[in-house]
Amino acid sequence: MFLASKLFGLLTQPLTWIAALLVASLLVPRRTPLGRRFVLAALTLLLLMGWLPLPDRLLRHLESQYAEMPPTTDLRGFAGMVVLGGSTEPVHIAQPHPQPLLNDAAERMTAPLAMLRQNPHLDMLYTGGNGELLGNGPSEADQARVFFNSQGVATDRVIYESHSRTTHENAVLTAQIPGVDITRRWLLVTSAWHMPRAMATFTRAGWNVTAYPVDFRTGLTTPWTAYSIKEGARQWQLALHELMGIAAYRIAGRL
């Protein structure tokens, strides 16, 4: 499943489709209508990719499913929080540096930090292995340990799970940690666009979880004039990857 997720990640990048169309145009006989159509299709896709209202609509649909967050100050009814990885830089970037490097999903780390400080009774499970295909360096959990230690979080308040590489493995492997009672109430912390799949996966694995979405990528609306090929490529990749992930998990019976 991990290898398949990496393949899906490649296929959900719109620039991959554009490159495939351009390669196809080179493989057909020169100066044929088909070759020109491939080039035209690649150019059209590239231009449409930058119009942000389209991918934002897909992401907004995902994010809106758990838009109402639980209270942030009184969390006495919860045993703790499960924080999903995905907020640290890849190993090949982070490994040479002593300080933890966070990416654009840093709220997965900073939001739990605030909750730990405001709710002394809460414990935290951080789950994240090495997500690189051929990686053998530090896991996301190892990087998270450095971050939370640097912020003064007591070591006995955090349990780190460092072997999971997918959302399904996050749910299953954390449930196997000795002393963890998945029937108690837990907050599930991950990006808002990832929350529908995460909630369904953890619930299917037997967890009693309440969504605590962070890292929102859209607002209530997107201006019709918003245009950026760079941002569009990223937004499309996020939306398509998550939608294909939901479909794949549903087929595999993990939702």
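Me: Is Leu15 buried, partly exposed or exposed?
Reply: This is a predicted model. Leu15 has a relative accessible area of 47%. Buried needs under 20% and exposed needs over 50%. The value falls in between, so Leu15 is partly exposed.

Me: Which residues does Leu15 touch, leaving out those up to four places away in sequence?
Reply: Leu15 lies in helix H2, residues 14–27. With residues up to four places away in sequence left out, its contacts are Leu46 and Met49.

Me: How far apart in space are Leu15 and Gln143, C-alpha to C-alpha?
Reply: In sequence, 128 residues separate Leu15 from Gln143. In space, their C-alpha to C-alpha distance is 30 Å.

Me: Are H2 and H3 roughly parallel or roughly antiparallel to each other?
Reply: Helix H3 spans residues 33–49. The axes of H2 and H3 come within 8 Å and cross at roughly 165°. Angles over 145 degrees count as roughly antiparallel. H2 and H3 are therefore roughly antiparallel.

Me: Is the crossing of H2 and H3 left-handed or right-handed?
Reply: On the H2 side, the contact includes Pro14, Leu15 and Trp17. On the H3 side, it includes Phe38, Leu46 and Met49. The crossing of the two helices, H2 and H3, is left-handed.

Me: How many residues of the contact of H2 with H3 are nonpolar, polar and charged?
Reply: Ile18 and Leu21 of H2 are among the contact residues, as are Val39 and Ala42 of H3. The contact of H2 with H3 divides into 14 nonpolar, 2 polar and no charged residues.

Me: How many aromatic pairs does a search of the whole structure find?
Reply: One of the pairs is Trp51 with Trp224. A search of the whole structure gives a count of 6.

Me: Is the pair of Trp51 and Trp224 stacked or tilted?
Reply: The ring centres of Trp51 and Trp224 are 5.2 Å apart. Stacked needs planes under 30 degrees apart, and edge-to-face needs over 60. The planes of Trp51 and Trp224 are at 45°, so the pair is tilted.

Me: Trp51 and Trp224: how many residues apart in sequence are the parts that the pair ties together?
Reply: Trp51 lies in the loop between H3 and helix H4. Trp224 lies in the loop between strand E5 and helix H10. The pair therefore ties together parts whose separation in sequence is 173 residues.

Me: Is Trp224 buried or exposed?
Reply: Exposed needs a relative accessible area over 50%. Trp224 has 65% relative accessibility, so Trp224 is exposed.

How values were computed:
Residues are numbered from 1 along each chain as its sequence is written. This is a predicted model: local features need pLDDT of at least 70, side-chain atom pairs count only at pLDDT 80 or more; totals for chains, interfaces and linings use all residues. Side-chain values use heavy atoms; hydrogens and water are left out. Helices (H or I, at least four residues) and strands (E, at least two) are DSSP runs, numbered from the N terminus. Buried means under 20% relative accessible area, exposed over 50%, partly exposed in between (1.4 Å probe, protein chains only). Contact means heavy atoms within 4.5 Å. Axes are lines fitted to C-alpha atoms, for helices over the stretch in contact, and angles run from 0 to 180 degrees between N-to-C directions. Angles under 35 degrees count as roughly parallel, over 145 as roughly antiparallel, 65 to 115 as roughly perpendicular and the rest as oblique. A crossing is left-handed if the near helix is turned anticlockwise from the far one by less than a right angle, and right-handed if clockwise. Ala, Val, Leu, Ile, Met, Phe, Trp, Tyr, Cys and Pro count as nonpolar, Asp, Glu, Lys and Arg as charged, and the others, Gly among them, as polar. Rings of Phe, Tyr and Trp (its six-membered ring) pair if their centres lie within 6.5 Å; planes under 30 degrees apart count as stacked, over 60 as edge-to-face and the rest as tilted.
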